[in-house]
Amino acid sequence: MKVLAATNNAGKLKELRRILERMGHTVTSPRELGLNLDPEETGTTFAENARIKAEAFCRATGLPTVADDSGLCVDALDGAPGVYSARYCGHHGDDAANNRKLAAEMANVPEGRRAARFVSAVCVLLPGGTCHIFTGECPGRIGFEERGENGFGYDPLFIPDAVGLPDGSTAPNTRGRTYAELADGEKDAISHRGRAMAAMAQALPDILAEA
């Protein structure tokens, strides 16, 4: 199936494309279609924002659309940055500034109180109006310094509790590697987005049959 990955974020597009193509789908992006669209994310939950994006891009292209809204929820910050993860620093999409702010906010938080989780809501919207939302979470903690180059967003600061193995199983992250220090397969098996997409893959045959 040809699917539109509804994002203008290069890092997120790379991850969505990798996961969707592994499922056997052909993936295109707004940029590849010459589409300049940036819907306002006015929702108060990840699921609401995912649906807002999916509806806007599906309406504009007529293609089956997969949209993700995700973010980092830190216990010591009462769940912040949450749905405001992409604009935590005050403007949208500045990963470096967002990470600097998070590191500063967490500077005096001790090791035992640095728990956090990444949350993803993935919305699948078909042109006929069929809509389903899938969620995934990855628990972990916030590191004291940024490490790693293979990622985007808060990946250099987030240390997941587990890592993926080549056989698809998981193991404890005993080396304390960040998301950005994991290989693609190690991350996809345990990531919030990977888990939401896996749930989507299981349900997709029934979704298509329903449509």
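Mentor: A disulfide is defined here as a pair of cysteine sulfur atoms within 2.5 Å. This is a predicted model, in which local features need pLDDT of at least 70 and side-chain atom pairs count only at pLDDT 80 or more, whereas totals for chains, interfaces and linings use all residues. Residues are numbered from 1 along each chain as its sequence is written, and side-chain values use heavy atoms, with hydrogens and water left out.

The sulfur of Cys131 lies 3.5 Å from the closest cysteine sulfur, that of Cys123, which is too far for a bond. Across the whole structure, the search finds zero disulfides. Cys58 likewise takes part in no disulfide, its nearest cysteine sulfur being that of Cys123, 9.1 Å away. Cys58 counts as buried because its relative accessibility is 7%, buried meaning under 20% relative accessible area with a 1.4 Å probe, protein chains only.

Turning to the strand residue, Val163 sits in strand S7 (residues 162–164); strands are DSSP runs of E, at least two residues long, and helices are runs of H or I of at least four, both numbered from the N terminus. Val163 is buried, because its relative accessibility is 7%. Beyond its neighbours within four places in sequence, its contacts (heavy atoms within 4.5 Å) include Asn173, Leu182 and Ile190. The C-alpha atoms of Val163 and Ile190 are 6.1 Å apart, although 27 residues separate them along the chain.

Asn173 belongs to the loop between strand S8 (170–172) and helix H4 (184–188), and is buried at 10% relative accessibility. A polar atom of the Asn173 side chain lies 2.8 Å from the backbone oxygen of Arg177.

Key: Buried < 20%, exposed > 50% of the residue type's maximum accessible area, 1.4 Å probe, protein only. Polar contact = N/O pair within 3.5 Å; in protein donor to acceptor, adjacent residues only side chain to side chain.
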